[in-house]
2 protein chains.
Amino acid sequence: MSKVSIPQGTRDFSAETIRKRNFILQNIRSVFELYGFQPLETPAMENLDTLMGKYGEEGDKLIFKILNNGLSDPKNIEKAKAGFDKLMEGKNTPELTERALKYDLTIPFARYVAMNHGQLSFPYKRYQVQPVWRADRPQKGRYREFTQCDADVVGSTALLNEVELCNIYHTAFMNMGLRDYELKINSRKMLVALAEMCGGADKMIDITIAIDKLDKIGLEKVKEELAQRGLVENQITVIENYLNLTGSNEEKITAARALFSQNETAAKGIEELVYVSSQAGNTNISIDFTLARGLNYYTGIIFEVKGPATVKMGSIGGGGRYDD
Amino acid sequence: MSKVSIPQGTRDFSAETIRKRNFILQNIRSVFELYGFQPLETPAMENLDTLMGKYGEEGDKLIFKILNNGLSDPKNIEKAKAGFDKLMEGKNTPELTERALKYDLTIPFARYVAMNHGQLSFPYKRYQVQPVWRADRPQKGRYREFTQCDADVVGSTALLNEVELCNIYHTAFMNMGLRDYELKINSRKMLVALAEMCGGADKMIDITIAIDKLDKIGLEKVKEELAQRGLVENQITVIENYLNLTGSNEEKITAARALFSQNETAAKGIEELVYVSSQAGNTNISIDFTLARGLNYYTGIIFEVKGPATVKMGSIGGGGRYDD
């Protein structure tokens with residue numbers, strides 16, 4: 001065992017690190033419990049067809065697939081060869097891989113709810129603290145095996161859930177002494193309204209994808225990308241005005257009301273943001289109209305958490321409502 | 001998601017089960033800590049060559065291998081095809097699978113020690129409570145993903161370690177109210193001595209494999225298997241006499257001393273058993289000369305734990321010294 005190594009993008013955790021991590025994870029678990037969420041644990045592996053097609057094309061490529069066993073067994077060789085040919089065409093291959101490591105905790109949770117619908121009482125509030133696996137290129141702060149801490153509610157349309165999730169973030173971070181974190185919120189309805197205002201609803205995805213990059217590439221590049229995606233000058237001006245809404249939460253809301261005037265979708269989105277930010281006992285909430293998030297299934301309030309500026313870590317939390 | 005399912009041999013754990021499991025696992029963790037073992041966590045996946053060849057031919061087949069990503073990428077297709085051909089010949093294929101899910105916690109621990117030799121102080125006592133994966137045929141009480149709780153010492157030849165491990169079992173089971181469990185111990189040296197006495201050391205593996213089946217197939221079938229493995233009648237009689245050593249721990253020791261008379265290896269094994277059973281504060285220890293265990297790397301005391309007879313679960317714990 002002289003040249004042994006550990007797989008790229010994975011880590012051993014020694015006693016010292018485990019103790020620190022347990023402090024953090026136990027704090028998060030106990031806050032989840034405090035707010036009435038119940039623990040759930042799902043297996044590391046899921047059936048491949050449960051996972052495929054749920055994370056976009058890019059996501060599918062990052063799923064770790066598990067090779068079926070006994071493929072070289074004479075009775076399986078024929079099937080295995082057919083499966084391999086499909087794999088070489090870039091296709092999904094139950095003949096070769098029936099199972100895969102879970103990519104996040106959301107889809108396994110949805111699978112659990114679908115399988116146990118009759119036994120659960122709704123609203124069902126569950127939390128899960130488990131590792132997930134992604135065949136990402138390993139780089140600073142990005143691992144192929146890492147732990148996610150999720151709390152989700154299913155079976156309730158109440159905005160009170162969002163308020164509660166803001167309070168969970170706040171309680172967890174205050175307990176850990178992270179006073180300077182920032183909880184950004186937006187409503188996906190604002191982006192729908194923006195698309196309506198400037199280009200018809202069909203441009204919503206293009207606008208969202210471009211805005212989602214603002215943090216990384218800056219306003220000028222976002223405008224370039226919008227142009228490349230077929231938006232014309234006066235549309236881009238509308239988007240720029242939207243992205244430039246600044247000030248305190250109250251000032252942004254007032255400015256957004258003026259910008260969107262009679263747009264009904266925007267009115268709903270603003271109402272959500274006002275309700276959540278005013279009801280939550282969370283003083284670190286910042287309404288951020290530039291927050292977009294990549295996942296297109298979000299329908300309402302979306303969240304993103306940043307650590308203090310001194311911690312150059314990007315997003316350390318996020319989520320949102322997906323009602324459909 | 002109407003026909004969703006969970007992979008065979010895996011389980012979801014609901015809140016109720018998680019709370020019960022946590023009671024048990026936390027008890028085990030805290031007993032390990034009480035005895036000075038430090039926590040370690042290793043990734044779910046290991047490099048395939050770390051795992052292959054460590055669990056025997058049968059074990060190799062039960063390892064869940066992870067398909068490399070990007071195999072259908074034009075630049076990888078050539079390599080992937082070569083890898084697949086090897087796989088069809090039943091060979092290990094880094095071109096197709098570089099990684100696999102861990103099969104136990106022992107080999108990852110050995111890999112960790114090999115990689116971090118310079119940073120560790122010895123004796124290094126670590127515990128690990130993590131899931132492992134085996135592509136076993138799922139059946140009652142056997143799962144493809146299950147949790148192991150291991151405590152190992154590296155860098156100490158002292159028999160005191162065995163005494164401590166006996167006490168750990170006892171403390172953990174007493175804390176959980178499992179008063180009727182049984183901790184069987186034997187020394188691998190007794191099996192070496194038995195082979196020496198009756199057929200030369202080269203028969204040790206054959207004898208061990210046959211004896212290991214005693215529980216399942218009974219004495220007559222063990223004798224048949226010994227005969228099939230080339231042992232002759234008077235050799236089988238010696239083994240039968242050995243297997244029939246009964247009574248209290250003291251009675252068995254006395255009888256074993258008589259049976260092996262001047263055999264030095266047996267004398268060492270008996271000394272180990274007397275020391276461990278007399279020093280441990282564990283009143284559930286039963287010396288069992290028929291205990292063999294499948295793994296051939298054991299060199300000294302071996303352990304196996306059985307629940308109360310009413311719990312028909314087979315072995316619920318085990319291990320042993322492997323000095324080499």
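Trainee: Which residue of chain A comes closest to the rotation axis?

Mentor: In this predicted model, A:Ile66 comes closest of the residues of chain A, with its C-alpha at 2.2 Å from the axis. Residues are numbered from 1 along each chain as its sequence is written, and chains are lettered from A in the order in which they are written. Local features need pLDDT of at least 70, side-chain atom pairs count only at pLDDT 80 or more, and totals for interfaces use all residues, while side-chain values use heavy atoms, without hydrogens and water.

Trainee: What makes the relation of chain A to chain B that of a two-fold axis?

Mentor: A rotation of 180° with 0.0 Å of shift along its axis superposes chain A on chain B, at an RMSD of 0.1 Å, by least squares on the C-alpha atoms of residues with pLDDT of at least 70 in both. That is therefore the relation of a two-fold axis. The same surface serves both copies, as 100% of the contact residues of chain A (heavy atoms within 4.5 Å) recur in chain B.

Trainee: How much area do chain A and chain B bury between them?

Mentor: About 5,000 Å², 65% of it on carbon and sulfur atoms, where buried area is the accessible area (1.4 Å probe) lost on being put together, summed over both parts.

Technical notes. Buried area = accessible area lost by both parts, 1.4 Å probe.
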